[in-house]
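Student: Hi! I'm new to this one, could you walk me through it?
Tutor: Happy to, let's bring it up.

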Amino acid sequence: MKRLTPYLLALPSWMWLAIFLVVPMAAMASVSLQTGNAIDGFAMTFSVSNYTDALSRYSTQLVRSLIYGGAATLAMLAIGYPVAYFIAFKAGSRKSMYLFLLLLPFFVSFVLRTISWGFLLADDGILFGTLKGWGLLPAGFHVLATGFAVIAGLTYNWLPFMILPIYVALERVDPRVVEAAQDLYASRIATFRRVVLPLSLPGVFAGVLMTFVPATADPVNAQVLGGTSNTMIGNIIQTTYLTNLQYPTASALSFTLMAVLLVGIFIYARALGTENVLEAAAR
Amino acid sequence: MAELNAIELEGVVKEYLSHGEVVQAVKGVTLGIAEGEFFSLLGPSGCGKTTTMRMIAGFEEPSRGMVKLHGQDVTNVPPNKRDVNMVFQSYALFPHMSVWDNVAFGLKQRKTPQEEIRRRVGEMLEIVDLTGREKRRPREMSGGQQQRVALARALVNRPRALLLDEPLGALDLKLRQAMQIELKRIQREVGITFVYVTHDQGEALTMSDRIAVMNDGLVEQLGGPREIYERPASAFVAGFIGTSNLLSGAASGGVMEFGGGRILVPELDGAVTVTVRPEKITICTDKPDGEVSVVPGTVSEVVYLGTYTSYAVNLGGGTEVTVFQQNAHDAMNTAERGDAVWLSWLPQHSYALGS
């Protein structure tokens, strides 16, 4: 009985995973292999044509999603790392206030936040309208409904998910280890490059994971900020599922996206060094 | 001119602002540490010993005063430009690097040629007995091994002085004693000045050439282990180093009457406090004769400790003294609880305190 106790304690979480992850995934997988239409119903035909069709029809959007997601992730990393570094090492007693400010946007709904970015980036909006009025920007300048606007929106929306894990990793760096590097003749830059940065890589990995995946799959930003010519794979899946009721195609697209993301993450983990990632898990 | 000291502190003060109030962690320390010396900063926690060391390393900037390394003023020089290295209290090894990379770090930062790095790191790992473990990560090693990696990482740079901040604190007693001997051996071998911060008086006495006993941000006494033990400069030093008995009274003509006995205090008059080490006192059942201090008392506790026995003897008036008797000649001195005894010691073992 005693030996079973840990398994019994873990049982609820296994059930949770089974009911809310494994079962729906299996259902989706089965749907993705069916053919038919919403009126006559779908029948299982074990046809992979859904996958090949989806790939050939929507490869542009898939590639665009990866590019937008990747670009947004890089932008988040570029903005987020210094912010996390500042909060971890320089904020002193204001640390919790900055962390609170970081989470403050979450008190407003995701869609609303994105729409307000739309206002911000509008051609004659508060920002560009004013700048154009001052003659600092040409009248034809516009950002809204471009890929840049979508990437900016994705960056804004997921930035905290990049900052927080990096902050946690940096926060855990023993200040005495940093002092030790300085004691061993390392300059500030060398200390960062050889000690602080490598020790924070697990946080970077987690941050990239937590931002790249949702940013690539996100439909909202492309819809609100991207106009009609910058649709991402998330929009396609949404429309196919909710508007066109093409469940098999939508499911096949979802699985394709998942596979592409998993492969991407795998390559990234290998590039960063498996050891680093495992170390992050071990700590 | 005398040879230049390896380290020189001149009126060093460190002030902190804490809750709007200025707190002095170090209140003015002046001392010189000679080349090749094993020097200890000894004191209780909060006495300023670690702050003093961090000012030598460059992690703290003195509020006032001057730090000199080999006659050169380095008061405002950052730690990475100082030719001293530190062994941190919890080692502070780089967790993402192998033992080899940890030890090679300083040499790489100084752009030492590859060939020389390989040779020196190899030699150093041999000295600390870690050959064959180059590829290990710090977390895969025992406390004692990590300790030796930390030592190697600092020493491989051949610094002008090595600073050690309670480096043995995290080790168990047996290992600590072994490392004490080991440290002393390594210090002799490399001939580098060691500055050792500790709150463990036994450790300081065992290893040091000289000790600075610190209390409340000041050096209370500076001297060799014997001098500090036998001739404590203050009640604090007497109490902090080993066990000591403090006896106070009024003396006239070199004699202090004390509870039906007398304590010989040559050349002293007026109010006097003397300290007597427990092992200097002899317990007898009969009143001894001769030119000795003699005091009557009652045994209140007997603790047998193998090589010696510790007695607590009540002298009346709330004074209790501790007496250590070697068990070599216990035939003479088997006192038991409740026995009325005479304590005696030679005049030179009563040491009058400065304060």
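Student: Which residue is the bridge partner of B:Tyr304 in β17(B)?
Tutor: B:Thr309 is the bridge partner of B:Tyr304. Before we go on: residues are numbered from 1 along each chain as its sequence is written, and chains are lettered from A and ligands numbered from 1 in the order in which they are written. This is a predicted model, where local features need pLDDT of at least 70, side-chain atom pairs count only at pLDDT 80 or more, and totals for chains, interfaces and linings use all residues.

Student: In what sense do β16(B) and β17(B) pair?
Tutor: Strand β16 (residues 293–304) and strand β17 (residues 308–316) of chain B pair in the antiparallel sense, over 6 bridges. Strands are DSSP runs of E with at least two residues, helices are runs of H or I with at least four, and both are numbered from the N terminus. Two strands pair if DSSP finds at least two bridges between them.

Student: And how many residues lie between β16(B) and β17(B) in the hairpin?
Tutor: There are 3, and B:Gly306 in the turn has a positive phi of about 85 degrees.

Student: Switching topic, how many residues of chain A are in contact with chain B?
Tutor: 15 residues of chain A are in contact with 15 residues of chain B; contact needs C-beta atoms, placed from the backbone, within 7 Å. The largest share of chain A's side, 6 residues, comes from α7(A).

Student: What are the domains of chain B?
Tutor: Domain 1 (7–237) and domain 2 (243–352), with bounds from an automatic or database domain assignment. Their centres, taken over C-alpha atoms, are separated by 40 Å.

Conventions: Two residues are in contact if their C-beta atoms, placed from the backbone, lie within 7 Å.
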